[in-house]
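Here is a friendly set of notes to read alongside the structure. Keep the view open and look for each residue as you reach it.

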Amino acid sequence: TRRSSDLLYVYGDDINVIPWELAQERKLVSGTAEDYLVEWHNVVLTTCALDHPHYRLESKKISFIPGRKVVAKRPRIYLGNTYLFTSPMDYVVQLKRSAVTHSFLPYFQRSDTRGFGMGVTGSIGWDTGHASIGVAWASKTGWETMFEINQDLNEHFSLNVGVEHSWDEEWDERVWRPYASLTYGNSGWTYSLKWSKNEYISDQKDTKTEFKGRLERAPEFIISSPYFKSSKNSWMIISAAYGRFRETIYGQGEEPAVVRYGIGFKNYFEKVIHEHGNIELFSNSEGRVWFYDKDNADHEMFRSFTGLRYNLGSVELGTGYESQRVWGESPMHWDQYKKRKRIHQKVRFPVGKEVYLGVRGSYDLEESLFDEMFYSIQWVTDCMVWDLHYKNDRTSGGDDRIGLTLSINAFPNSPASLGQKLDVDPFERPKEFPKDKK
């Protein structure tokens with residue numbers, strides 16, 4: 001059954017269908033030839049099926065290239081009949097990716113390390129690519145900015161170039177972080193060459209061990225397959241990588257460069273085991289095997305999260321077991337895995353019309369303590385979710401935070417805005433997992 005939130009409802013005035021050659025002459029488009037360009041004036045867009053939608057975007061003009069993208073010029077944002085603001089950026093929907101390029105809505109968040117903060121990231125699009133601009137501010141860290149260009153070079157090649165000027169917690173300073181990647185895609189396979197400088201790495205290895213530092217990829221080459229069937233109810237991605245890395249640790253300076261190469265996989269399994277009780281068994285696993293040119297080192301990891309999603313009346317529950325096994329050791333710190341064993345539990349229940357309370361937590365079996373608790377209150381409609389949440393982080397790098405976010409159900413894969421931290425619910429299906437695989 002198709003959800004209403006998978007549909008985009010568009011209302012407007014005049015529609016102009018322009019042949020591609022004429023659109024090129026008018027300098028409205030460039031690049032790969034298509035049959036036509038559609039321009040629609042005085043348009044209202046929403047994914048809400050109601051006559052009076054929960055939210056809507058109003059734009060003086062949208063451009064639609066069939067099968068590729070929709071671009072709404074600087075839309076006005078409304079919640080119900082209340083005008084919120086006019087987006088300084090275009091609203092770009094990449095149809096081939098089934099996602100918004102960036103969340104165009106501002107976020108609000110408070111954390112122990114950054115204080116109270118807010119930010120927004122938006123995009124300006126053209127027919128073969130887009131530019132993204134992000135601005136964020138926090139009371140303890142000040143202003144941060146980012147700029148990024150994504151350009152399709154032809155049917156298979158694409159280029160991504162960007163730079164961030166963002167705060168570094170360990171050094172207590174703002175740093176320029178340039179990055180670039182060249183990607184070739186064909187039949188679901190991707191081949192990427194990635195480079196970065198001063199990339200910020202923050203990773204909670206286990207309850208007591210946290211790594212924060214800077215990383216230079218100089219460069220890294222990655223091959224990744226499309227999802228393919230690994231069994232009747234599971235799908236897999238395989239990958240291989242080769243790269244040269246240099247990490248910088250506060251107080252220790254820049255470490256010598258290390259070459260790393262290896263292979264990996266991700267596998268996702270799910271099966272309904274009791275339809276009437278709405279019980280679903282799932283398992284999300286991944287593995288890595290790395291080799292290094294320093295000290296003939298090797299490092300292996302296998303991680304799995306296996307659990308049940310089920311309902312008791314109107315109460316949604318999830319119970320899962322996470323295990324991470326580790327062999328060998330990396331000569332670097334940023335990619336050093338640690339052994340972990342945790343139990344996860346989730347409860348979510350309605351407290352009113354379209355309003356839900358949720359609690360999620362994890363218990364570290366190695367340290368015998370609750371290492372994380374997550375509380376949320378959500379207003380959920382057929383088209384969007386308001387989420388007020390609080391995370392109680394009890395690990396060594398504990399960074400409690402509270403935030404308010406608004407997401408559009410039709411575009412769940414939108415990346416976070418600059419400076420925004422999002423928490424992953426381990427009971428949800430992987431975001432990169434194709435919908436049509438279910």
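1. What does the accessible surface of the protein come to, and what percentage of it belongs to carbon and sulfur atoms? In this predicted model, the surface comes to about 22,500 Å², and carbon and sulfur atoms account for 55% of it.

2. Now for the overall build. The protein has 29 strands and one helix, so do expect to see a lot of strand labels as you look around. Its chain has 438 residues, and 43% of them are buried. Among contacts with a separation of 6 or more, 47% are between residues 24 or more positions apart.

3. Next, the inside. The largest nonpolar core has 15 residues. Those touching the most other members are Leu45, Tyr55, Leu57, Ile62 and Met384.

4. On to charged residues. Side chains of opposite charge can pair when their charged atoms come close. The structure holds 27 salt bridges, and the next points visit some of them.

5. Is lysine 205 buried or exposed? Lysine 205 has a relative accessible area of 7%, and because this is under the 20% cut-off, lysine 205 counts as buried. Its salt-bridge partner is aspartate 203, with the closest N and O atoms 2.9 Å apart. Aspartate 203 has a relative accessible area of 30%, which means that it is partly exposed, as the value falls between 20% and 50%.

6. Which residue forms a salt bridge with glutamate 220? The partner is arginine 217, and the closest N and O atoms of the pair are 2.5 Å apart. Both glutamate 220 and arginine 217 are buried. These two also belong to a network of salt bridges that links Glu199, Arg217, Glu220, Arg260 and Asp335.

7. Please look at arginine 340 and aspartate 371 too. They form a salt bridge whose closest N and O atoms are 3.5 Å apart. Arginine 340 lies in strand E25 (residues 340-352) and aspartate 371 in strand E27 (residues 369-380), so this pair ties together parts that are 31 residues apart in sequence. Arginine 340 is buried, and aspartate 371 is buried as well.

Key. Residues are numbered from 1 along each chain as its sequence is written. This is a predicted model: local features need pLDDT of at least 70, side-chain atom pairs count only at pLDDT 80 or more; totals for chains, interfaces and linings use all residues. Side-chain values use heavy atoms; hydrogens and water are left out. Helices (H or I, at least four residues) and strands (E, at least two) are DSSP runs, numbered from the N terminus. Buried means under 20% relative accessible area, exposed over 50%, partly exposed in between (1.4 Å probe, protein chains only). Contact means heavy atoms within 4.5 Å. Accessible areas come from the Shrake-Rupley method with a 1.4 Å probe; for residues, only the protein chains shown count as cover. A nonpolar core is a set of buried Ala, Val, Leu, Ile, Met, Phe, Trp, Tyr and Cys residues joined through side-chain atoms within 4.5 Å. A salt bridge is a side-chain nitrogen of Lys or Arg within 4 Å of a carboxyl oxygen of Asp or Glu.
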